[in-house]
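Let's walk through this one together, one question at a time. Have the sequence and the model open beside you.

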Amino acid sequence: MNYEAKQEALKVIKLAGSLEFKSYLDLAVEAIIVDLTDRGGLSDEWEMIDEDTRQEIKDVWVEIIRQAVTYNLVGHFAQ
């Protein structure tokens with residue numbers, strides 16, 4: 001793991017400790033948003049999206065992560 005990846009992991013750990021999450025999926029999505037909005041100009045763009053649309057995006061990302069994790073687990077057990 002390179003230095004930047006470690007720094008991002010530390011941000012996620014701090015985020016997890018400071019907020020209440022329903023699941024690891026929600027935490028993962030929030031971590032992605034933190035990473036995304038930490039990049040030049042993207043924070044402003046995210047904030048310009050209305051709250052309902054942001055929630056829809058988060059819900060879709062949660063489902064994408066859920067399916068990827070499920071597929072990965074099933075794939076490993078099937079081998």
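Q: Is Trp-46 buried or exposed?
A: In this predicted model, the relative accessibility of Trp-46 comes to 8%. The cut-off for burial is under 20%, so Trp-46 counts as buried.

Q: And how does Trp-61 count, at 24% relative accessibility?
A: Buried would need a value under 20%, and exposed a value over 50%. With its 24%, Trp-61 therefore counts as partly exposed.

Q: Which residues form the aromatic pair, and is the pair stacked or edge-to-face?
A: There is one aromatic pair in the structure, made by Trp-46 and Trp-61. Their ring centres are 6.1 Å apart, with 15 degrees between the planes. Planes under 30 degrees apart count as stacked, so the pair of Trp-46 and Trp-61 is stacked.

Q: Which helices does this pair tie together?
A: Trp-46 and Trp-61 are 15 residues apart in sequence. Trp-46 sits in residues 42-48 and Trp-61 in another helix, so the pair ties together α3 and α4.

Q: How far apart are the end C-alpha atoms of α2?
A: Helix α2 runs over residues 24-37, which makes 14 residues. At 1.5 Å a residue, α2 should span 20 Å. The model agrees, because the end C-alpha atoms of α2 are apart by 20 Å.

How values were computed:
Residues numbered from 1 in each chain as written. Predicted model: local features only at pLDDT ≥ 70, side-chain atom pairs only at ≥ 80, totals over all residues. Heavy atoms only, no water. Helix = DSSP H or I, 4+ residues; strand = E, 2+ residues; numbered from the N terminus. Expected span 1.5 Å × (residues − 1). Phe/Tyr/Trp six-rings, centres within 6.5 Å; stacked < 30°, edge-to-face > 60°. Buried < 20%, exposed > 50% of the residue type's maximum accessible area, 1.4 Å probe, protein only.
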